[in-house]
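User: Could you walk me through a few local features of this one, starting with how the helices pack?
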Amino acid sequence: MRVKLLAATLAVLPALALATPLTVCTEASPDGFDVVQFNSLVTTNASADVIFNTLVDYDEATKKVVPSLAEKWEVSGDGLSYTFHLRPNVAFQSTDYFKPTRPLDADDVVFTFDRMLDAANPWHKVAGPNGFPHAQSMGLVKLVKAVKKLDERTVQFDLNEPNATFLPMLTMGFASIYSAQYADQLLKAGTQTDLNAKPIGTGPFVLKSYTKDAVIRYDANPTYWGPKPKADRLIYAITPDPSVRMQKVKANECQIALSPKPSDVAQAKDNKSLAVVQTPAFMTAFVALNTQHKPLDDERVRQAINMAFDRANYLKVVFDNTAAPAVNPYPSNTWSYDKAVAAYPYDPAKAKALLAQAGYPNGFSTTIWVRPQGSVLNPKPKVGAELLQADLAKIGVKAEVKIIEWGELIKQAKQGEHDMLFMGWAGDNGDPDNYLTPLFSCNGVKSGINFARYCDDKLDKLIADARSKTDQAARATDYEAAQKIIHDQALWIPLGYPTASAITRSTVAGYKVSAFGRQNFGAVSVQ
(Lines give C-alpha, C1' and ligand atoms only; values in the text may rest on other atoms or scores of the structure.)
Protein backbone atom coordinates (compact mmCIF):
# COMPACT_ATOMS: atom_id res chain seq x y z
CA MET A 1 0.00 0.00 0.00
CA ARG A 2 2.78 2.42 0.92
CA VAL A 3 4.68 1.54 -2.30
CA LYS A 4 1.62 2.29 -4.45
CA LEU A 5 1.08 5.61 -2.66
CA LEU A 6 4.72 6.62 -3.22
CA ALA A 7 4.48 5.72 -6.91
CA ALA A 8 1.32 7.78 -7.28
CA THR A 9 3.00 10.74 -5.60
CA LEU A 10 6.03 10.54 -7.89
CA ALA A 11 3.75 10.38 -10.92
CA VAL A 12 2.23 13.73 -9.93
CA LEU A 13 5.54 15.53 -9.36
CA PRO A 14 6.54 16.06 -13.02
CA ALA A 15 3.15 17.65 -13.77
CA LEU A 16 3.60 20.05 -10.87
CA ALA A 17 7.10 20.95 -12.02
CA LEU A 18 5.76 21.91 -15.44
CA ALA A 19 3.28 24.42 -13.97
CA THR A 20 5.48 27.46 -14.63
CA PRO A 21 4.19 30.93 -13.71
CA LEU A 22 3.73 33.84 -16.06
CA THR A 23 6.48 36.27 -15.05
CA VAL A 24 6.27 39.92 -16.04
CA CYS A 25 9.17 42.34 -15.62
CA THR A 26 7.64 45.61 -14.39
CA GLU A 27 9.35 48.96 -13.92
CA ALA A 28 8.57 50.05 -10.34
CA SER A 29 6.95 49.15 -7.03
CA PRO A 30 3.31 50.09 -6.53
CA ASP A 31 2.32 52.57 -3.82
CA GLY A 32 0.17 49.79 -2.40
CA PHE A 33 -2.94 47.85 -3.38
CA ASP A 34 -5.73 50.18 -2.21
CA VAL A 35 -5.91 51.71 -5.66
CA VAL A 36 -8.35 54.53 -4.81
CA GLN A 37 -5.69 56.20 -2.65
CA PHE A 38 -3.24 56.64 -5.52
CA ASN A 39 -2.99 57.87 -9.10
CA SER A 40 0.08 56.14 -10.55
CA LEU A 41 -0.31 53.68 -13.42
CA VAL A 42 2.16 51.31 -11.73
CA THR A 43 -0.24 51.01 -8.78
CA THR A 44 -3.26 50.56 -11.06
CA ASN A 45 -1.44 47.76 -12.92
CA ALA A 46 -0.61 45.94 -9.67
CA SER A 47 -4.05 46.27 -8.10
CA ALA A 48 -7.04 47.31 -10.22
CA ASP A 49 -5.87 45.42 -13.30
CA VAL A 50 -5.44 42.04 -11.62
CA ILE A 51 -7.18 41.97 -8.22
CA PHE A 52 -10.32 44.06 -8.78
CA ASN A 53 -13.17 44.72 -11.20
CA THR A 54 -15.23 47.79 -11.95
CA LEU A 55 -18.94 48.08 -12.70
CA VAL A 56 -18.15 48.66 -16.38
CA ASP A 57 -15.11 48.27 -18.65
CA TYR A 58 -13.84 50.14 -21.68
CA ASP A 59 -13.44 48.02 -24.80
CA GLU A 60 -10.50 49.47 -26.72
CA ALA A 61 -11.43 47.66 -29.94
CA THR A 62 -14.99 49.01 -30.17
CA LYS A 63 -14.26 52.19 -28.15
CA LYS A 64 -17.38 51.56 -26.08
CA VAL A 65 -18.22 51.08 -22.43
CA VAL A 66 -19.16 47.43 -21.86
CA PRO A 67 -20.52 45.38 -18.92
CA SER A 68 -18.31 44.08 -16.13
CA LEU A 69 -19.67 43.62 -12.60
CA ALA A 70 -22.82 45.34 -13.84
CA GLU A 71 -24.43 43.18 -16.51
CA LYS A 72 -26.62 46.06 -17.72
CA TRP A 73 -27.61 49.62 -16.85
CA GLU A 74 -30.09 52.38 -17.69
CA VAL A 75 -29.71 56.15 -17.84
CA SER A 76 -32.66 58.42 -17.14
CA GLY A 77 -33.86 60.75 -19.87
CA ASP A 78 -32.55 63.82 -18.04
CA GLY A 79 -29.13 62.20 -17.57
CA LEU A 80 -29.32 62.54 -13.79
CA SER A 81 -29.78 58.89 -12.76
CA TYR A 82 -27.75 55.77 -13.65
CA THR A 83 -29.15 52.43 -12.53
CA PHE A 84 -26.81 49.41 -12.54
CA HIS A 85 -27.90 45.77 -12.32
CA LEU A 86 -25.19 43.56 -10.79
CA ARG A 87 -24.23 40.12 -12.04
CA PRO A 88 -25.53 37.31 -9.84
CA ASN A 89 -23.23 35.09 -7.76
CA VAL A 90 -20.00 37.08 -8.14
CA ALA A 91 -17.69 35.92 -5.34
CA PHE A 92 -15.15 38.02 -3.51
CA GLN A 93 -11.76 36.38 -3.11
CA SER A 94 -11.26 34.01 -0.19
CA THR A 95 -7.91 34.12 1.61
CA ASP A 96 -6.42 33.13 4.96
CA TYR A 97 -7.36 36.60 6.27
CA PHE A 98 -10.90 36.90 4.85
CA LYS A 99 -13.68 34.45 4.10
CA PRO A 100 -16.70 36.05 2.41
CA THR A 101 -20.12 34.80 3.50
CA ARG A 102 -22.12 36.29 0.62
CA PRO A 103 -21.61 37.24 -3.04
CA LEU A 104 -21.13 40.77 -4.34
CA ASP A 105 -24.20 42.92 -3.75
CA ALA A 106 -25.35 46.53 -3.76
CA ASP A 107 -23.89 47.18 -0.30
CA ASP A 108 -20.39 46.72 -1.73
CA VAL A 109 -20.99 49.29 -4.45
CA VAL A 110 -22.50 51.79 -2.01
CA PHE A 111 -19.55 51.33 0.39
CA THR A 112 -16.99 51.72 -2.40
CA PHE A 113 -18.27 55.14 -3.43
CA ASP A 114 -19.52 56.37 -0.06
CA ARG A 115 -16.00 55.91 1.25
CA MET A 116 -14.70 58.39 -1.33
CA LEU A 117 -17.60 60.85 -1.25
CA ASP A 118 -18.67 61.12 2.40
CA ALA A 119 -16.22 62.87 4.74
CA ALA A 120 -18.08 61.32 7.71
CA ASN A 121 -17.44 57.78 6.49
CA PRO A 122 -14.93 56.13 8.87
CA TRP A 123 -12.90 54.99 5.86
CA HIS A 124 -12.68 58.46 4.31
CA LYS A 125 -9.74 59.71 6.38
CA VAL A 126 -7.56 56.76 5.28
CA ALA A 127 -6.70 58.68 2.10
CA GLY A 128 -4.82 61.44 3.95
CA PRO A 129 -4.86 65.24 3.47
CA ASN A 130 -5.19 65.22 -0.33
CA GLY A 131 -8.25 62.99 -0.30
CA PHE A 132 -8.81 60.33 -2.93
CA PRO A 133 -6.92 61.80 -5.91
CA HIS A 134 -9.17 60.80 -8.81
CA ALA A 135 -12.43 61.37 -6.94
CA GLN A 136 -11.11 64.76 -5.84
CA SER A 137 -9.72 65.90 -9.18
CA MET A 138 -12.83 64.79 -11.08
CA GLY A 139 -15.16 66.57 -8.68
CA LEU A 140 -17.16 63.48 -7.73
CA VAL A 141 -18.21 64.94 -4.37
CA LYS A 142 -19.95 67.79 -6.17
CA LEU A 143 -21.22 65.64 -9.05
CA VAL A 144 -22.73 62.66 -7.21
CA LYS A 145 -25.80 63.51 -5.16
CA ALA A 146 -26.40 59.99 -3.82
CA VAL A 147 -25.53 56.32 -4.32
CA LYS A 148 -28.55 54.22 -3.36
CA LYS A 149 -29.22 50.53 -2.93
CA LEU A 150 -32.54 49.73 -4.63
CA ASP A 151 -32.32 46.01 -3.89
CA GLU A 152 -29.59 43.38 -3.39
CA ARG A 153 -28.44 43.58 -7.00
CA THR A 154 -29.49 47.08 -8.07
CA VAL A 155 -27.70 50.36 -7.40
CA GLN A 156 -28.70 53.86 -8.46
CA PHE A 157 -26.36 56.85 -8.83
CA ASP A 158 -28.11 60.22 -8.70
CA LEU A 159 -26.15 63.16 -10.12
CA ASN A 160 -26.53 66.86 -9.42
CA GLU A 161 -26.09 67.64 -13.12
CA PRO A 162 -25.78 65.70 -16.37
CA ASN A 163 -22.23 64.54 -17.06
CA ALA A 164 -21.15 62.97 -20.35
CA THR A 165 -18.01 61.55 -18.76
CA PHE A 166 -19.64 59.76 -15.81
CA LEU A 167 -20.01 56.32 -17.38
CA PRO A 168 -16.50 56.23 -18.93
CA MET A 169 -15.16 57.45 -15.58
CA LEU A 170 -16.46 54.27 -13.95
CA THR A 171 -14.10 52.18 -16.12
CA MET A 172 -11.09 53.70 -14.33
CA GLY A 173 -9.09 51.82 -11.71
CA PHE A 174 -10.17 54.10 -8.85
CA ALA A 175 -13.77 52.89 -9.39
CA SER A 176 -12.82 49.30 -8.45
CA ILE A 177 -15.45 47.65 -6.28
CA TYR A 178 -14.49 46.70 -2.71
CA SER A 179 -16.02 44.26 -0.23
CA ALA A 180 -18.06 46.04 2.43
CA GLN A 181 -17.87 42.89 4.55
CA TYR A 182 -14.08 42.91 4.51
CA ALA A 183 -13.99 46.63 5.27
CA ASP A 184 -16.26 46.07 8.29
CA GLN A 185 -13.97 43.28 9.50
CA LEU A 186 -10.91 45.53 9.30
CA LEU A 187 -12.70 48.46 10.91
CA LYS A 188 -13.80 46.37 13.90
CA ALA A 189 -10.25 45.05 14.32
CA GLY A 190 -8.74 48.54 13.99
CA THR A 191 -6.55 47.34 11.11
CA GLN A 192 -7.72 49.63 8.31
CA THR A 193 -4.21 49.88 6.86
CA ASP A 194 -4.48 46.20 5.88
CA LEU A 195 -6.73 47.25 3.01
CA ASN A 196 -3.61 48.62 1.32
CA ALA A 197 -1.49 45.55 2.05
CA LYS A 198 -4.02 42.69 1.98
CA PRO A 199 -6.55 43.53 -0.75
CA ILE A 200 -9.74 41.62 -1.48
CA GLY A 201 -11.43 41.98 -4.85
CA THR A 202 -13.44 40.04 -7.40
CA GLY A 203 -10.72 39.99 -10.08
CA PRO A 204 -8.89 37.20 -11.89
CA PHE A 205 -5.88 37.03 -9.55
CA VAL A 206 -5.43 36.93 -5.77
CA LEU A 207 -2.45 38.63 -4.10
CA LYS A 208 -0.25 36.07 -2.34
CA SER A 209 2.83 38.08 -1.32
CA TYR A 210 4.69 41.31 -1.96
CA THR A 211 8.33 42.20 -1.33
CA LYS A 212 8.88 45.89 -2.00
CA ASP A 213 11.25 46.66 -4.87
CA ALA A 214 11.54 42.94 -5.62
CA VAL A 215 8.50 40.81 -6.45
CA ILE A 216 4.69 40.54 -6.32
CA ARG A 217 3.13 37.09 -6.46
CA TYR A 218 -0.45 36.31 -7.43
CA ASP A 219 -2.45 33.10 -7.81
CA ALA A 220 -5.32 32.63 -10.22
CA ASN A 221 -8.63 33.26 -8.46
CA PRO A 222 -10.41 29.87 -8.34
CA THR A 223 -13.81 31.55 -7.86
CA TYR A 224 -13.41 34.18 -10.59
CA TRP A 225 -16.75 34.96 -12.27
CA GLY A 226 -15.18 35.55 -15.70
CA PRO A 227 -13.05 33.33 -17.96
CA LYS A 228 -10.54 31.34 -15.93
CA PRO A 229 -7.03 32.86 -16.19
CA LYS A 230 -4.80 30.73 -18.42
CA ALA A 231 -1.86 31.16 -16.04
CA ASP A 232 -2.22 29.56 -12.62
CA ARG A 233 0.33 31.94 -11.16
CA LEU A 234 1.37 35.48 -12.05
CA ILE A 235 4.61 37.12 -10.91
CA TYR A 236 5.61 40.76 -11.21
CA ALA A 237 9.42 40.88 -11.13
CA ILE A 238 10.07 44.53 -10.22
CA THR A 239 13.00 45.56 -12.42
CA PRO A 240 13.57 49.34 -12.61
CA ASP A 241 16.36 49.24 -15.21
CA PRO A 242 14.90 48.70 -18.72
CA SER A 243 18.18 47.18 -19.90
CA VAL A 244 17.91 44.56 -17.18
CA ARG A 245 14.29 43.90 -18.17
CA MET A 246 15.54 43.24 -21.69
CA GLN A 247 18.24 40.88 -20.41
CA LYS A 248 15.69 38.99 -18.32
CA VAL A 249 13.24 38.45 -21.15
CA LYS A 250 16.11 37.26 -23.36
CA ALA A 251 17.08 34.75 -20.66
CA ASN A 252 13.42 33.70 -20.22
CA GLU A 253 13.49 34.89 -16.60
CA CYS A 254 10.52 37.02 -17.66
CA GLN A 255 8.08 36.14 -20.39
CA ILE A 256 6.95 39.77 -20.77
CA ALA A 257 9.02 42.95 -20.28
CA LEU A 258 7.06 46.17 -19.90
CA SER A 259 8.16 49.70 -20.88
CA PRO A 260 11.22 48.75 -22.97
CA LYS A 261 13.64 51.29 -24.36
CA PRO A 262 13.04 52.10 -28.05
CA SER A 263 16.50 50.72 -28.89
CA ASP A 264 15.62 47.42 -27.18
CA VAL A 265 12.39 47.24 -29.17
CA ALA A 266 14.38 47.53 -32.40
CA GLN A 267 16.79 44.83 -31.19
CA ALA A 268 13.95 42.50 -30.16
CA LYS A 269 12.43 42.65 -33.64
CA ASP A 270 15.58 40.92 -34.95
CA ASN A 271 15.52 38.19 -32.27
CA LYS A 272 13.51 35.09 -33.25
CA SER A 273 13.00 34.06 -29.62
CA LEU A 274 11.29 37.39 -28.86
CA ALA A 275 8.24 39.27 -30.10
CA VAL A 276 7.26 42.94 -29.95
CA VAL A 277 3.69 44.03 -29.19
CA GLN A 278 2.87 47.69 -29.92
CA THR A 279 0.03 50.17 -30.27
CA PRO A 280 -0.25 53.97 -30.49
CA ALA A 281 -0.63 55.11 -26.88
CA PHE A 282 -3.31 57.39 -25.44
CA MET A 283 -0.52 59.01 -23.45
CA THR A 284 1.41 62.27 -23.30
CA ALA A 285 4.90 62.95 -21.96
CA PHE A 286 5.39 66.49 -20.65
CA VAL A 287 7.24 68.77 -18.28
CA ALA A 288 4.86 70.49 -15.85
CA LEU A 289 5.76 74.06 -14.91
CA ASN A 290 4.64 74.94 -11.38
CA THR A 291 2.75 78.21 -11.80
CA GLN A 292 2.68 78.75 -8.04
CA HIS A 293 6.48 79.12 -7.86
CA LYS A 294 8.22 82.32 -8.91
CA PRO A 295 9.25 83.13 -11.58
CA LEU A 296 7.22 80.34 -13.19
CA ASP A 297 4.06 82.22 -12.20
CA ASP A 298 4.74 84.55 -15.18
CA GLU A 299 3.50 83.15 -18.51
CA ARG A 300 6.33 84.95 -20.34
CA VAL A 301 8.84 82.92 -18.35
CA ARG A 302 6.96 79.71 -19.12
CA GLN A 303 6.79 80.62 -22.80
CA ALA A 304 10.53 81.35 -22.78
CA ILE A 305 11.24 77.92 -21.30
CA ASN A 306 9.19 76.32 -24.08
CA MET A 307 11.13 78.22 -26.74
CA ALA A 308 14.50 77.43 -25.16
CA PHE A 309 14.05 73.65 -25.28
CA ASP A 310 15.03 71.79 -28.44
CA ARG A 311 12.26 69.20 -28.34
CA ALA A 312 13.16 67.69 -31.71
CA ASN A 313 16.56 66.80 -30.31
CA TYR A 314 14.93 65.52 -27.11
CA LEU A 315 12.65 63.13 -29.03
CA LYS A 316 15.60 61.90 -31.10
CA VAL A 317 17.85 61.23 -28.10
CA VAL A 318 15.31 60.00 -25.54
CA PHE A 319 12.69 58.27 -27.72
CA ASP A 320 14.82 57.40 -30.77
CA ASN A 321 12.12 59.28 -32.74
CA THR A 322 9.49 56.66 -31.82
CA ALA A 323 7.21 59.29 -30.21
CA ALA A 324 5.23 61.87 -32.17
CA PRO A 325 5.90 65.51 -31.19
CA ALA A 326 3.34 66.72 -28.65
CA VAL A 327 1.56 70.07 -28.89
CA ASN A 328 -1.70 69.72 -26.96
CA PRO A 329 -2.40 67.78 -23.75
CA TYR A 330 -3.74 64.69 -25.53
CA PRO A 331 -2.79 62.86 -28.76
CA SER A 332 -3.83 64.15 -32.17
CA ASN A 333 -6.07 61.15 -32.97
CA THR A 334 -8.42 62.15 -30.13
CA TRP A 335 -11.69 63.83 -31.06
CA SER A 336 -11.63 67.61 -30.29
CA TYR A 337 -7.84 67.85 -30.78
CA ASP A 338 -7.22 71.44 -31.89
CA LYS A 339 -5.04 71.35 -34.99
CA ALA A 340 -4.96 75.16 -35.07
CA VAL A 341 -2.69 75.26 -32.01
CA ALA A 342 0.94 75.41 -33.12
CA ALA A 343 3.94 74.24 -31.11
CA TYR A 344 6.27 76.82 -29.64
CA PRO A 345 9.26 77.16 -31.98
CA TYR A 346 12.79 76.41 -30.84
CA ASP A 347 14.04 80.01 -30.59
CA PRO A 348 16.62 80.67 -27.83
CA ALA A 349 17.01 84.33 -28.86
CA LYS A 350 13.30 85.04 -28.50
CA ALA A 351 13.27 83.05 -25.25
CA LYS A 352 16.00 85.28 -23.84
CA ALA A 353 14.10 88.40 -24.93
CA LEU A 354 10.95 87.15 -23.17
CA LEU A 355 12.93 86.59 -19.96
CA ALA A 356 14.20 90.17 -20.15
CA GLN A 357 10.63 91.45 -20.61
CA ALA A 358 9.60 89.49 -17.54
CA GLY A 359 12.39 91.08 -15.51
CA TYR A 360 14.96 88.28 -15.68
CA PRO A 361 17.60 89.49 -18.19
CA ASN A 362 20.26 87.42 -16.42
CA GLY A 363 18.06 84.37 -15.96
CA PHE A 364 17.23 82.72 -12.63
CA SER A 365 17.79 79.52 -10.66
CA THR A 366 15.33 76.64 -10.59
CA THR A 367 15.09 72.85 -10.29
CA ILE A 368 14.15 70.03 -12.65
CA TRP A 369 12.60 66.95 -11.02
CA VAL A 370 12.76 63.56 -12.69
CA ARG A 371 12.35 59.88 -11.80
CA PRO A 372 15.39 57.56 -11.83
CA GLN A 373 13.82 54.67 -13.78
CA GLY A 374 12.79 54.66 -17.41
CA SER A 375 9.20 54.14 -18.49
CA VAL A 376 7.16 54.22 -21.68
CA LEU A 377 6.58 57.94 -21.06
CA ASN A 378 10.23 58.69 -20.28
CA PRO A 379 12.68 56.04 -21.51
CA LYS A 380 15.82 57.94 -20.41
CA PRO A 381 14.87 60.22 -17.50
CA LYS A 382 18.30 61.54 -16.50
CA VAL A 383 19.39 62.10 -20.10
CA GLY A 384 16.22 64.06 -20.89
CA ALA A 385 16.53 66.22 -17.78
CA GLU A 386 20.14 67.04 -18.64
CA LEU A 387 19.14 68.04 -22.18
CA LEU A 388 16.62 70.51 -20.72
CA GLN A 389 19.21 71.72 -18.20
CA ALA A 390 21.75 72.40 -20.96
CA ASP A 391 19.25 74.25 -23.17
CA LEU A 392 18.09 76.43 -20.28
CA ALA A 393 21.69 77.31 -19.45
CA LYS A 394 21.96 78.89 -22.92
CA ILE A 395 19.38 81.53 -21.90
CA GLY A 396 20.89 82.08 -18.46
CA VAL A 397 18.63 79.78 -16.45
CA LYS A 398 20.54 77.68 -13.92
CA ALA A 399 18.57 74.49 -13.36
CA GLU A 400 19.56 71.81 -10.86
CA VAL A 401 18.49 68.28 -11.84
CA LYS A 402 16.99 66.38 -8.92
CA ILE A 403 16.56 62.63 -9.41
CA ILE A 404 13.92 61.44 -6.94
CA GLU A 405 12.63 57.91 -6.33
CA TRP A 406 9.26 57.46 -8.02
CA GLY A 407 7.07 57.07 -4.93
CA GLU A 408 8.63 60.07 -3.19
CA LEU A 409 8.55 62.14 -6.39
CA ILE A 410 4.80 61.60 -6.78
CA LYS A 411 4.17 62.33 -3.09
CA GLN A 412 6.11 65.61 -3.09
CA ALA A 413 4.87 66.73 -6.51
CA LYS A 414 1.26 66.32 -5.38
CA GLN A 415 2.10 68.76 -2.59
CA GLY A 416 3.41 71.22 -5.21
CA GLU A 417 7.02 71.18 -4.04
CA HIS A 418 8.55 70.94 -7.53
CA ASP A 419 9.51 73.68 -9.99
CA MET A 420 9.76 71.79 -13.29
CA LEU A 421 8.63 68.18 -13.31
CA PHE A 422 9.11 65.52 -16.00
CA MET A 423 5.83 63.63 -15.94
CA GLY A 424 3.50 61.66 -18.17
CA TRP A 425 -0.20 60.88 -18.29
CA ALA A 426 -2.01 57.82 -19.59
CA GLY A 427 -5.71 58.24 -20.18
CA ASP A 428 -8.08 55.50 -19.03
CA ASN A 429 -10.50 55.89 -21.92
CA GLY A 430 -10.73 57.88 -25.14
CA ASP A 431 -12.47 60.93 -23.66
CA PRO A 432 -10.54 64.25 -23.64
CA ASP A 433 -11.91 64.99 -20.18
CA ASN A 434 -9.75 62.14 -18.92
CA TYR A 435 -6.88 64.59 -19.39
CA LEU A 436 -8.40 68.00 -18.87
CA THR A 437 -10.27 67.56 -15.60
CA PRO A 438 -7.54 65.86 -13.54
CA LEU A 439 -4.62 67.79 -15.05
CA PHE A 440 -5.99 71.33 -15.50
CA SER A 441 -9.02 71.85 -13.26
CA CYS A 442 -9.05 73.66 -9.92
CA ASN A 443 -10.10 70.38 -8.29
CA GLY A 444 -6.97 68.89 -9.83
CA VAL A 445 -4.87 71.41 -7.89
CA LYS A 446 -6.55 70.35 -4.65
CA SER A 447 -5.96 66.66 -5.34
CA GLY A 448 -2.37 67.32 -6.43
CA ILE A 449 -2.69 65.79 -9.90
CA ASN A 450 -2.74 69.19 -11.62
CA PHE A 451 1.05 69.40 -11.58
CA ALA A 452 1.05 72.85 -13.21
CA ARG A 453 -0.86 74.05 -10.11
CA TYR A 454 -2.91 76.33 -12.37
CA CYS A 455 -6.45 77.24 -11.31
CA ASP A 456 -8.23 79.58 -13.71
CA ASP A 457 -11.97 80.35 -13.60
CA LYS A 458 -12.36 80.57 -17.39
CA LEU A 459 -10.49 77.32 -18.06
CA ASP A 460 -12.30 75.56 -15.22
CA LYS A 461 -15.68 76.63 -16.61
CA LEU A 462 -14.86 75.41 -20.12
CA ILE A 463 -13.91 71.98 -18.78
CA ALA A 464 -16.98 71.77 -16.53
CA ASP A 465 -19.38 72.98 -19.24
CA ALA A 466 -18.06 70.37 -21.68
CA ARG A 467 -18.69 67.59 -19.16
CA SER A 468 -22.31 68.64 -18.75
CA LYS A 469 -23.10 68.46 -22.50
CA THR A 470 -24.12 65.34 -24.39
CA ASP A 471 -23.48 66.70 -27.91
CA GLN A 472 -19.91 65.83 -28.90
CA ALA A 473 -19.55 68.80 -31.28
CA ALA A 474 -20.52 71.23 -28.53
CA ARG A 475 -18.10 69.57 -26.15
CA ALA A 476 -15.35 69.78 -28.77
CA THR A 477 -15.85 73.55 -29.08
CA ASP A 478 -15.24 73.95 -25.35
CA TYR A 479 -12.22 71.65 -25.44
CA GLU A 480 -10.66 73.56 -28.34
CA ALA A 481 -10.96 76.79 -26.35
CA ALA A 482 -9.43 75.04 -23.33
CA GLN A 483 -6.47 73.81 -25.37
CA LYS A 484 -5.76 77.36 -26.56
CA ILE A 485 -5.62 78.65 -22.97
CA ILE A 486 -3.35 75.79 -21.90
CA HIS A 487 -1.03 76.50 -24.83
CA ASP A 488 -1.01 80.30 -24.50
CA GLN A 489 -0.35 80.05 -20.77
CA ALA A 490 2.45 77.52 -21.48
CA LEU A 491 1.50 75.36 -18.48
CA TRP A 492 3.58 72.47 -19.80
CA ILE A 493 6.44 71.76 -22.09
CA PRO A 494 4.59 69.16 -24.20
CA LEU A 495 7.13 66.50 -25.19
CA GLY A 496 5.72 63.54 -27.09
CA TYR A 497 2.96 61.04 -27.75
CA PRO A 498 4.72 57.68 -27.33
CA THR A 499 4.09 54.25 -28.74
CA ALA A 500 3.09 51.70 -26.10
CA SER A 501 5.32 48.63 -26.43
CA ALA A 502 6.16 45.41 -24.67
CA ILE A 503 8.69 42.69 -25.45
CA THR A 504 7.57 39.10 -24.96
CA ARG A 505 8.96 35.65 -25.50
CA SER A 506 7.80 34.27 -28.82
CA THR A 507 6.07 31.51 -26.86
CA VAL A 508 3.65 33.99 -25.26
CA ALA A 509 0.11 34.03 -26.68
CA GLY A 510 -2.85 36.28 -25.92
CA TYR A 511 -1.01 39.37 -24.69
CA LYS A 512 -2.14 42.76 -25.99
CA VAL A 513 -0.66 46.17 -25.26
CA SER A 514 -3.21 48.70 -24.08
CA ALA A 515 -3.22 52.24 -25.46
CA PHE A 516 -4.03 53.31 -21.90
CA GLY A 517 -1.23 51.41 -20.20
CA ARG A 518 -3.62 48.98 -18.49
CA GLN A 519 -2.69 45.30 -18.11
CA ASN A 520 -4.84 42.22 -18.75
CA PHE A 521 -3.06 38.92 -18.14
CA GLY A 522 -6.15 36.72 -17.83
CA ALA A 523 -5.98 35.51 -21.44
CA VAL A 524 -2.18 35.21 -21.58
CA SER A 525 -0.54 31.80 -21.88
CA VAL A 526 2.96 30.50 -22.44
CA GLN A 527 3.14 27.81 -25.13
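Analyst: Helix H11 (residues 299-308) and helix H13 (residues 348-357) have axes that come within 8 Å and cross at roughly 165 degrees. Because angles over 145 degrees count as roughly antiparallel, H11 is roughly antiparallel to H13. Please keep in mind that this is a predicted model.

User: And which hand does the crossing of H11 and H13 have?

Analyst: The crossing of H11 and H13 is left-handed. On the H11 side the contact is made by Arg300, Val301, Gln303, Ala304, Met307 and Ala308, and on the H13 side by Pro348, Lys350, Ala351, Leu354, Leu355 and Gln357.

User: What's the make-up of that contact of H11 with H13, by class?

Analyst: Sorted by class, the contact of H11 with H13 has eight nonpolar residues, together with two polar and two charged ones.

User: Where is Asp298, and is it buried or exposed?

Analyst: Asp298 sits in the loop between strand E13 (283-289) and H11, and Asp298 is buried, with a relative accessible area of 16%. The side chain of Asp298 reaches the backbone nitrogen of Arg300 at 2.8 Å, and Arg300 is one of the H11 residues that make the contact with H13.

User: Changing topic, what is Gln519 in contact with, leaving aside neighbours within four places in sequence?

Analyst: With those neighbours left aside, Gln519 is in contact with Asn45, Asp49, Tyr236, Leu258 and Tyr511, and a polar contact of 2.7 Å joins the side chains of Gln519 and Tyr511. Gln519 lies in the loop between strand E20 (508-509) and strand E21 (525-526), and Gln519 is buried, with a relative accessible area of 10%.

User: How far apart are Gln519 and Ala46?

Analyst: Gln519 and Ala46 are 473 residues apart in sequence, while their C-alpha atoms are 8.7 Å apart in space.

Definitions and conventions. Residues are numbered from 1 along each chain as its sequence is written. This is a predicted model: local features need pLDDT of at least 70, side-chain atom pairs count only at pLDDT 80 or more; totals for chains, interfaces and linings use all residues. Side-chain values use heavy atoms; hydrogens and water are left out. Axes are lines fitted to C-alpha atoms, for helices over the stretch in contact, and angles run from 0 to 180 degrees between N-to-C directions. Helices (H or I, at least four residues) and strands (E, at least two) are DSSP runs, numbered from the N terminus. Angles under 35 degrees count as roughly parallel, over 145 as roughly antiparallel, 65 to 115 as roughly perpendicular and the rest as oblique. A crossing is left-handed if the near helix is turned anticlockwise from the far one by less than a right angle, and right-handed if clockwise. Contact means heavy atoms within 4.5 Å. Ala, Val, Leu, Ile, Met, Phe, Trp, Tyr, Cys and Pro count as nonpolar, Asp, Glu, Lys and Arg as charged, and the others, Gly among them, as polar. Buried means under 20% relative accessible area, exposed over 50%, partly exposed in between (1.4 Å probe, protein chains only). A polar contact is a pair of N or O atoms within 3.5 Å; within protein, one must be able to donate a hydrogen and the other to accept it, and residues adjacent in sequence count only if both atoms are side-chain atoms.
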